[in-house]
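Open the model in a viewer and keep the sequence beside it. The stops below take in a sheet and then a helix.

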Amino acid sequence: MKLATLKNATRDGQLVVVSRDLAHCVAVPGIAPTLQAALDDWDACGPALRAAYDRLNGGHDAAARPFDPAACHSPLPRAYQWADGSAYLNHVELVRRARNSQVPESFFTDPLMYQGGSDSFVGPRDAIVADTEDWGIDLEAEVAIVTGDVPMGAAPEQAADAIRLLMLVNDVSLRALIPGELAKGFGFFQSKPASAFSPVAVTPDELGVAWRDGKVHLPLRVDLNGEPFGCPNAGQDMTFNFPRLIAHAARTRDLAAGTIIGSGTVSNKQGGLHGSSMRNGGVGYCCIAEVRMYETIEGGAPVTPFMRFGDRVRIHMEDAQGADIFGAIEQTVARRQAG
């Protein structure tokens, strides 16, 4: 099934069930007012939401209304926990090379993960706000999962059973701020502003055969200023699958229902000019830092600029028949307004 959160006067919005074709939705206050409430009581709410989803797809819900992604918040406007992995080691290797840093051997056996800010996500059509272009504004297109309760020490097999929903995410990075923060030895903070998630979160069964081995085997599509920028397959070159990422996060703590865990920037290994970009026949990129690293390797210096005010990014994923699955993240970079 497909679920979304519409913006309203409250912080956590209104939970709605969305039709498979993303055309209609229906509020379900009798089941759960918010997505977090549904996740907290999934054993009861899950089947009831599924029944509402079936009625909506069958055209049998008189309360259905058109679904407008522009009215959406992120499915969870705030979450108890947002932990982002870096499961595509091709991305890790390239970005660390840009900082003249080597990838430790442990990264190939033990997932890399950081704890991000989860108190104020932004909606899928909200702006990427910054004070200055000098911060090095970069997009990072990823897949993310939402868990139920996960006990401390859960094995990957147990963690797999806790996956409730999948989403897309734009995990924005401020590249010019990262080196200084990491040099302090205490991790990301100012360099990782608010993330935006896809309008819709979906249960794994919505992906059909594309969901297997704890991975999503479909291209993640990124457009930058209306031009194709990347379409790497999210199921390829993913060193650690989602059950492994969840188990890593739960090694020393319980994970509460509503925990979000990201895949890290989707990245496929490729050769040719600049990696290769889509215009050169490659699958392109899900962040600007990667193409800049390839440009540096091949030409001695990066050419592609980071995002500027007015730049537009679109992130979405289609099934094998070309149907949109999650709705699109569509954001424009904007200068923060004082006051």
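Which residue in E21 stands opposite Val129? Select Ala334, the residue in E21 that stands opposite Val129. The model is predicted, so to speak of local features pLDDT of at least 70 is needed, side-chain atom pairs count only at pLDDT 80 or more, and totals for chains, interfaces and linings use all residues. Residues are numbered from 1 along each chain as its sequence is written, and side-chain values use heavy atoms, with hydrogens and water left out.

Now show the whole sheet: five strands, open, in the order E8-E21-E20-E17-E18, with mixed pairing. Strands (E, at least two residues) and helices (H or I, at least four) are DSSP runs numbered from the N terminus, and two strands pair if DSSP finds at least two bridges between them. E8 (128–130) and E18 (227–230) are the edges; each has a single partner strand, so one side of each lacks a neighbour in the sheet.

Val222 has Gly230 as its bridge partner in E18. Two residues separate E17 and E18 in a hairpin, and Asn225 in the turn has a positive phi of about 55°.

Next, select H2 (residues 42–57), a helix of 16 residues. Colour Trp42, Cys45, Gly46, Leu49, Ala52, Tyr53 and Leu56, the buried residues of H2 (buried is under 20% relative accessible area, exposed over 50%, partly exposed in between, with a 1.4 Å probe and protein chains only). The face turned away from the buried side carries the exposed Asp43 and Pro47. Finish just after H2 at Gly59, where phi is positive, about 75°.

Conventions
Expected span 1.5 Å × (residues − 1).
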